[in-house]
Amino acid sequence: MLCRICKSKGERKKAVVYIRHHRLALCKEHFLEWFERQVQRTVKKFKMFNKNEKVLVAVSGGKDSLSLWYVLNKLGYETYGFHVSLGIKGWEYSKKSLEVCKKFSERINRPLIVFDLKKEFGYSIEEIAKGVGRKDVCSVCGTFKRYLMNRVAIKEGFKVVATGHNLDDESALLLSNTMRWEVGYLGRQYPVLPEFGGFARKVKPFCFLTEKEIVSYAILNEIKYMETGCPNAKEATSAVYKRALAMLEHEMPGTKLRFYKEFLERARPIFERELKENLELNECEVCGMPTTAPVCSVCRTLERLKGRC
Ligand code: SF4
Ligand code: ZN
Ligand code: ZN
């Protein structure tokens, strides 16, 4: 198969990537161009950040977050990496992830900020989940990661935090929220969440790009990422929604993108209206971070844990 763009110019370069839902075959050069243009367009369309703002990029060591850091840096944004060392599966997995992030930060010559959970709080994420009797490590982990992103952003003076959530993540989240009619979550699901009550702005520049497109970008740029995902991911319920959507996508290419885009344009404004009237934030009595309760959920979890030890 020949690259569509090369072909239109009368050249005969072979395509290395085929994007099924756009029916687009591209050579390496034109795929990289296309990918970077998509990211730039999303950043601009949703006014995520500009070249005068420092961007804190949350990096796990996986393909999405490292590709995001790479592309934003390439597009000329002032980026800093942020990694939480969580202590997954006896630290083995976490040590490797940290190493991968450090090497990558050296490669692109940008600083990496590291938060070590054990050093700061005294426990790994699995010890925390187990200690408070939670089987679902991922939901505890998600709460801690969101909290730490905010905390580090405030402390280090960042107004923007970027994460590598892709179209597969966003459409699976949308399906899961819709199946349970989580009105509040549906109102908040958007590629950019503005700064609010002390929280940094949250942005998802990869929200319209699929996991496959990101893997291709990472491979073509020789990005060394953690090839095995977090061992706890298999147990996450989001994996079930991803499988269901993958099946629909296989039968009807473009389903995920349509589902998510149409939601943003047509349904989400309705849920958002309800949200604005309900949210009130105050400072956590323990750590001072913004929260809807007197004590934030991370401080509550840590207090429960200490009470049990
Ligand atoms: Fe945390 Fe679960 Fe993600 Fe692993 S898969 S990093 S435990 S949220
Ligand atoms: Zn080409
Ligand atoms: Zn707190």
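User: Where is N109 placed?
Analyst: N109 sits in the loop between α4 and β5. This is a predicted model: local features need pLDDT of at least 70, side-chain atom pairs count only at pLDDT 80 or more, and totals for chains, interfaces and linings use all residues. Residues are numbered from 1 along each chain as its sequence is written, chains are lettered from A and ligands numbered from 1 in the order in which they are written, and side-chain values use heavy atoms, without hydrogens and water. Helices (H or I, at least four residues) and strands (E, at least two) are DSSP runs, numbered from the N terminus.

User: Why is N109 called exposed?
Analyst: Its relative accessibility is 66%. Exposed means over 50% relative accessible area, buried under 20%, and partly exposed in between (1.4 Å probe, protein chains only). So N109 counts as exposed.

User: What makes phi of N109 stand out?
Analyst: The value is positive, near 60°, in a residue other than glycine. Most residues other than glycine have a negative phi. N109 follows α4. W181 also has a positive phi, near 45°. W181 lies in the loop between α8 (167-179) and α9, and at 57% relative accessibility W181 counts as exposed.

User: What makes P111 partly exposed?
Analyst: Its relative accessible area is 36%, so P111 gets that label. P111 lies in the loop between α4 and β5. P111 is in contact (heavy atoms within 4.5 Å) with W69, T79, Y80 and G81, neighbours within four places in sequence left aside. P111 and F82 are 29 residues apart in sequence, with their C-alpha atoms 8.7 Å apart.

User: Why are the buried residues of α4 said to be on the same side?
Analyst: They are Y93, S94, S97, L98, V100, C101, F104, S105 and I108. They cover an arc of only 160° around the axis, so they share a side of α4. The arc is that of the directions from the helix axis to the C-beta atoms. Residues three or four places apart point the same way, because an α-helix has 3.6 residues a turn. The buried residues of α4 pack against α3 (63-74), β4 and β5 (112-116). On the other side, K95, K96, K103 and E106 are exposed.

User: Why do the buried residues of α11 line one face?
Analyst: A239, Y241, L245 and E249 are the buried residues of α11. Seen down the axis, they fall within an arc of 150°, so they line one face of the helix. R243, M247, H250 and E251 are exposed on the other side of α11. Helix α11 (residues 238-251) reaches 20 Å from its first C-alpha to its last, close to the 20 Å expected for 14 residues.

User: Why is T79 called buried, and what does its side chain contact?
Analyst: T79 has 0% relative accessibility, so T79 counts as buried. Its place is in strand β4 (residues 78-85). The T79 side chain makes a polar contact with the side chain of W69, at 3.1 Å. A polar contact is a pair of N or O atoms within 3.5 Å; within protein, one must be able to donate a hydrogen and the other to accept it, and residues adjacent in sequence count only if both atoms are side-chain atoms. T79 also touches residues including V55, V57 and R110.

User: What makes R201 buried?
Analyst: Its relative accessible area is 11%, so R201 is buried. R201 is found in strand β8 (residues 201-203). A polar contact of 2.8 Å joins the side chains of R201 and E195. Among the other contacts of R201 are M48, F49 and K159.

User: Why does the largest nonpolar core lie between domain 1 and domain 2?
Analyst: A nonpolar core is a set of buried Ala, Val, Leu, Ile, Met, Phe, Trp, Tyr and Cys residues joined through side-chain atoms within 4.5 Å. The largest has 92 residues, and F31, L117 and I125 touch the most other members. Helix α7 (residues 137-156) gives the most to this core, with nine residues. Domain 1 (47-227 + 237-277) and domain 2 (280-308) both give residues, so the core lies between them. Domain bounds come from an automatic or database domain assignment. Beyond four places in sequence, I125 touches residues including L86, L117 and F144.

Key. The expected span of a helix is 1.5 Å times one less than its number of residues.
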